Amino acid sequence: MAFTGHSDVFAAIDENAINTTIGHLMLQRPSLFNYATLLFTQALSTQFCLPINVPPGGLAPGQPLFTVEAPLPVIGAPRPVGLDWCLQLNNVSVDLHPGNTLTLPPEIGSLGPQQFALHLRACFGLACPGDEVITSTAAVMEAAVAASILGAAAPPPPPPPGSTPSGGGSVQPALTARSAAAQGVQTVPSTNVLCTCLDVFGTGHFEWGTVAGFSGQWLKTRLDSLEVVDVFTNPPSNLEDILECYLRVVLRLGVLPRLIVPMQNLVFDITQMLQNNSPSVGQHVTLVPAPVSADVPNNPAVENDQLKVFFDLQVTAV
Amino acid sequence: MSVADLTIAVSEALCAATLEVVVANFSFDVSGGGDFGGFFAAYDGRLILKGGTLQLRDDGTIRLRELDARWDKLDFTLGLRLPEMSLGGGVVDLPGVQVDLPGVKIFSGNPFVAVTVDLAPFVKHELSLVASPLIQYFEPGITPVGSLCQKLHTALGIDDSKQQWRVFCDPQTIDFDLFDFADTVGDLFEQAFTDAIDALIPHGPLHDLIVAAIGSVADLLRTLLDIPDDISEWLSDLFNVSLGVFNLILQFVAGFFGKCVSFFQLDDPYPMIPKTEDLAAVTIPIQHLTATVSDVELVVTADIGAAP
């Protein structure tokens, strides 16, 4: 059976290639997998839960080591203060149906047809302030409360270490607004980062879809389920559900949306010349996903440890 | 046999569409000339392509058939310096008297006459070839690019600054028609040149006498250019052999479909996530590129190199 028996173009990528590609992605764009507060560019730069690997020659100019996020707010504090933290996603690997490289936890069960399994290790670090720091910061908070009651000017908050970073790390320029917001929140000083790592498994599938404001079909990665392993509480509580919820949101809103472009590029490149030149031939030549039919029951398809996509040629007069 | 990391298969229909794009964007400017002792010849043309069909074959080859190579323009200039000629005159014996009749000189000062004729409407070629895919790993500054190919890359805007895997359509056989000018072209050209020479001959009562003396302007032209009976054949030989236009085009076609213009290329490392305003591209190394042809599709496979 020919690859293009039921479409004009067929493209497939093996799961090993996907995992190798993820390795390149983690190495060259670590900011997609590492999130931390601004202080991790300086005082806490050695306090990451996991070392962040970079290519042998170093990161490309302007390529940040991690994405800067706002401090974790201290709820109810009379002044906006927060705690420094980091979240690192590591050991990311994918297993396309039929599952044979990842052992899914019982909660997820076996991998279904057209699905992929995902494993990653999520390490969360919290800069936990010591008693003395909390005591001194509490004094400032009390003064702020008193000032609000009596209408007097509150004393300035203690200068948090790392509030005026001077190099040493790289801040993601695209997120400067977020960095500014982060700087607006005073962090409670600490150099003691407590880390915990969780193994996370998930399943998902691929699908075609549109992206608002852009034409054409995009290959998207969708998360179907997620399970955190080895969080035991006695008696059972919602803690695991809460962690899973948060990690699910991080993956679905933070990581996976950024992966739609590479997939699209990987598949479409072969016809770039056609698309670039099609107006000059008096026809507009585009590739569209082949419709699902008896001949092409799944598009995209996840089978035989491969992600497969099928396209048809669409020619319209200009 | 292990499965390749990447597999991309392209149907015959898509290959045909690619050919359509190539044909629509193809043009080749050629110009040249030569001094052939008695005369000077020059050409200035632009070759374009029309039609053609593409077939993938189960012996691993690609067959291109009946691709028309036509000329958008083909200005052909022929020039020669006319030798001064003395006609008539001399002493004529008449009964009882000798009369010294004056002669007539034409082409005094060896005038140069040139004619340019657009031969584009009168000539077309048919191109057919059988080719097989050829893989090249292109390294800027290391992989040699010939001067003709460089010219073509410039014309087509091909970027030679990046390391790339390139897949070429390497011709095994090329069938390209020789220049074959119809008789009408010979007639057209002869008429244009005859008119130009005729304009240099004094007009008036002597004109017909002079023309009669030299036989005909056409005969003079043939004598000067050493043209045999069939001027069309002479023109064809001029293009095919003397000026070498045929070989030039053949060389170009072989280059175009051979190791000069790839029909598929992949940057190595490949920018999986393109560069943005803020961030550098994320790239992956491409290894072991292969291309195979069956009777229904072209299949390209590649592996992704491991992260360092």
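Select B:D183, B:V185, B:G186, B:F189 and B:E190 in helix α3(B), which meet B:I231, B:S232 and B:L235 in α6(B); two residues are in contact if their C-beta atoms, placed from the backbone, lie within 7 Å. By class, this contact has four nonpolar, two polar and two charged residues. Here Ala, Val, Leu, Ile, Met, Phe, Trp, Tyr, Cys and Pro count as nonpolar, Asp, Glu, Lys and Arg as charged, and the others, Gly among them, as polar.

The model is predicted: local features need pLDDT of at least 70, side-chain atom pairs count only at pLDDT 80 or more, and totals for chains, interfaces and linings use all residues. Residues are numbered from 1 along each chain as its sequence is written, and chains are lettered from A and ligands numbered from 1 in the order in which they are written.

**Helices around α3(B)**

Display α3(B) together with α6 (residues 231–242) of chain B: they pack at an angle of about 95°, with their axes 7 Å apart. Axes are lines fitted to C-alpha atoms, for helices over the stretch in contact, and angles run from 0 to 180 degrees between N-to-C directions. Helices (H or I, at least four residues) and strands (E, at least two) are DSSP runs, numbered from the N terminus. The two helices are therefore roughly perpendicular, a term for angles of 65 to 115 degrees.

On the α3(B) side, select B:E190, B:F193, B:T194, B:I197 and B:D198; they meet B:V217, B:A218, B:L220 and B:L221 in α5(B). This contact has six nonpolar, one polar and two charged residues.

**Hairpins of chain B**

Move to strands β2 (residues 27–35) and β3 (residues 40–56) of chain B, which run antiparallel and are joined by nine bridges. Two strands pair if DSSP finds at least two bridges between them. B:D35 has B:F40 in β3(B) as its bridge partner. Four residues lie between the strands of this hairpin, where B:G37 takes a positive phi near 80°.

Continue along β3(B) to its pairing with β4(B), antiparallel over 16 bridges. B:G45 stands opposite B:L74 in β4(B). This hairpin has five residues between the strands, and B:G60 takes a positive phi near 85°.

**Where the chains meet**

Colour the contact between the chains, which takes 41 residues from chain A and 34 residues from chain B. On the chain A side, α1(A) gives the most, with nine residues. That side has 25 nonpolar, 13 polar and three charged residues. Then select β1(A) and β1 (residues 6–11) of chain B: five bridges join these antiparallel strands. A:A11 has B:I8 as its bridge partner in β1(B).

**The sheet in chain A**

Turn to the open sheet of three strands with the order β4-β5-β8 in chain A and mixed pairing. Strands β4 (72–73) and β8 (186–187) stand at the edges, each with a single partner strand, so one side of each is left without a neighbour in the sheet. Two bridges pair β4(A) with β5 (residues 81–83) of chain A in the antiparallel sense, and A:P73 stands opposite A:G82 in β5(A).

Terms used
Angles under 35 degrees count as roughly parallel, over 145 as roughly antiparallel, 65 to 115 as roughly perpendicular and the rest as oblique.
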